[in-house]
Amino acid sequence: MTFALIDGNNFYVSCEQVFNPALEGKPVVVLSNNDGCVVARSAEVKALGVKMGAPWFQMKDLARKHGILAYSSNYALYADMSNRMMRVLETYSPQQEIYSIDECFLGFDGFPAGELAAIGERIRRQVKQWVGLPVCVGIGATKTLAKLANHCAKKGRAGADGVCDFGRMRPAELDALFARIAVNEVWGVGRRLTEKLAARGIASVRDLRDADAVSLGEMFSVVLQRTVMELRGVSCLELEELAPAKKQIISSRAFGTYVYTLSELEEAVSTYIARAAEKLRRQHSVAGALQVYIRTNPFKPEHPQYQRGLSFALPAPSGDTRTLTRAALWGLKRLFKPGYAYQKAGVMLMDLRDAGVLQGQLFDAAPPDRPALMQVIDRANAQWGRGTLKLASEGMAKPWQMRRERVSPGYTTRWEDLLRVN
């Protein structure tokens with residue numbers, strides 16, 4: 001098997017540039033929830049030394065000096081652009097694993113080895129022409145090597161310019177290349193593991209590839225042992241063409257402004273439950289347990305602090321938003337204490353099970369789920385936008401919602417935001 005990893009360049013920023021070409025060549029950042037930290041940077045911002053996760057409030061002087069433009073995260077736009085990109089990529093291979101919103105593995109089993117680089121170039125051109133997004137392509141004998149080849153394609157290493165195929169390089173060339181790449185560029189090797197490996201004289205990709213895999217597996221984990229084998233071209237990670245069902249579903253947000261009342265917390269928790277329940281039904285699961293939590297701002301020690309969560313089993317597993325909301329609000333009322341400035345709330349659906357395989361209960365007093373009703377709600381919200389149909393407990397005005405003061409229009413998801421050509 002030969003693998004290709006296709007990765008969108010500066011994905012969130014690139015999505016903004018597709019519909020606002022005036023941003024091309026400009027320093028642009030996309031911010032996290034509540035416009036807090038930098039989660040995407042254009043090449044011009046990276047050149048200024050701005051790190052991922054940099055707090056926006058600390059960048060105000062730098063932004064004024066260099067004209068950095070900041071945008072709030074437009075998740076609806078980015079998800080839609082991702083879907084468009086993935087639909088183009090799936091035409092190149094029947095084996096596809098969507099790894100993240102901007103990354104995708106393709107399996108090139110049976111493809112002529114000499115043509116893979118040309119296919120990579122064709123992928124880049126087509127995604128750019130059809131979707132407007134720049135991508136890089138890395139090709140290797142394993143998923144780990146494909147991921148590393150993509151890094152080389154982005155950084156222009158070994159003469160690669162957007163496409164890097166390790167299969168076209170001689171062993172001596174690969175050996176020299178791996179000696180120049182730091183070990184922390186290997187997929188799954190984080191900062192702490194990098195430090196531990198450095199203490200054992202493993203500083204480069206070549207060092208890790210040539211290390212004793214069994215010994216590293218005994219000292220650290222079988223995952224690292226597999227990584228070493230993958231760097232040697234032995235495939236240990238298969239394509240996951242169908243994403244496995246999640247074992248937990250979390251929905252939480254920091255509020256755009258402090259919340260003091262139970263009624264506002266109930267609106268927030270109801271909203272989060274609705275989103276989590278939608279994801280639950282999408283993977284055809286039901287939840288057997290639920291957790292609710294609320295907290296104040298831990299970064300404001302001058303304020304009274306309170307943080308507490310409550311986990312509990314449901315009378316019967318459910319995927320019905322009404323049942324889950326009723327249970328969550330029951331838990332919230334037992335957590336709430338007046339007199340605190342709440343900054344965040346969240347819910348977690350746990351003990352997830354297949355909705356089609358449920359054990360009945362003879363004396364089940366819980367109100368029955370209504371899957372047909374939930375299906376109507378999900379379809380309406382998918383077609384006409386989230387929140388078209390919702391429970392009254394979610395509220396209307398929602399003054400607690402996260403700040404998105406710099407959000408761009410929903411160019412592909414809202415009729416009123418469609419571009420107009422005069």
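Rings of Phe, Tyr and Trp (its six-membered ring) pair if their centres lie within 6.5 Å, and planes under 30 degrees apart count as stacked, over 60 as edge-to-face and the rest as tilted. The structure in your viewer is a predicted model, in which local features need pLDDT of at least 70 and side-chain atom pairs count only at pLDDT 80 or more, while totals for chains, interfaces and linings use all residues. Residues are numbered from 1 along each chain as its sequence is written, and side-chain values use heavy atoms, with hydrogens and water left out.

**Aromatic rings**

Select Tyr 306, Phe 336, Tyr 340 and Tyr 342, which ring pairs link into a cluster. Across the whole structure, a search finds 15 aromatic pairs. One of them is Phe 255 with Trp 400, an edge-to-face pair with 6.1 Å from centre to centre and 70° between the planes. Phe 255 lies in strand S9 (residues 249-259) and Trp 400 in the segment after helix H14 (371-384), so this pair ties together parts that are 145 residues apart in sequence. Helices (H or I, at least four residues) and strands (E, at least two) are DSSP runs, numbered from the N terminus. Buried means under 20% relative accessible area (1.4 Å probe, protein chains only); Phe 255 is buried at 5%, and Trp 400 is buried at 3%.

**The open sheet**

Next, colour the five strands of an open sheet with mixed pairing, whose order is S5-S6-S1-S7-S8; two strands pair if DSSP finds at least two bridges between them. Strand S5 (96-100) and strand S8 (163-165) stand at the edges with a single partner strand each, so one side of each has no neighbour in the sheet. Zoom in on S5 and strand S6 (residues 103-107), which run antiparallel and are joined by four bridges, and find Ile 98, whose bridge partner in S6 is Cys 104.

**Ser 82**

Now move to Ser 82, which is placed in helix H4 (residues 75-89). Is this residue, Ser 82, buried or exposed? With a relative accessibility of 5%, Ser 82 counts as buried. The side chain of Ser 82 reaches the backbone oxygen of Ile 101 at 2.5 Å. Apart from its neighbours within four places in sequence, Ser 82 is in contact (heavy atoms within 4.5 Å) with Phe 11 and Ile 101.

**After helix H12**

Finally, go to the stretch just after H12, where His 284 takes a positive phi of about 60°.

Conventions:
Buried < 20%, exposed > 50% of the residue type's maximum accessible area, 1.4 Å probe, protein only. Polar contact = N/O pair within 3.5 Å; in protein donor to acceptor, adjacent residues only side chain to side chain.
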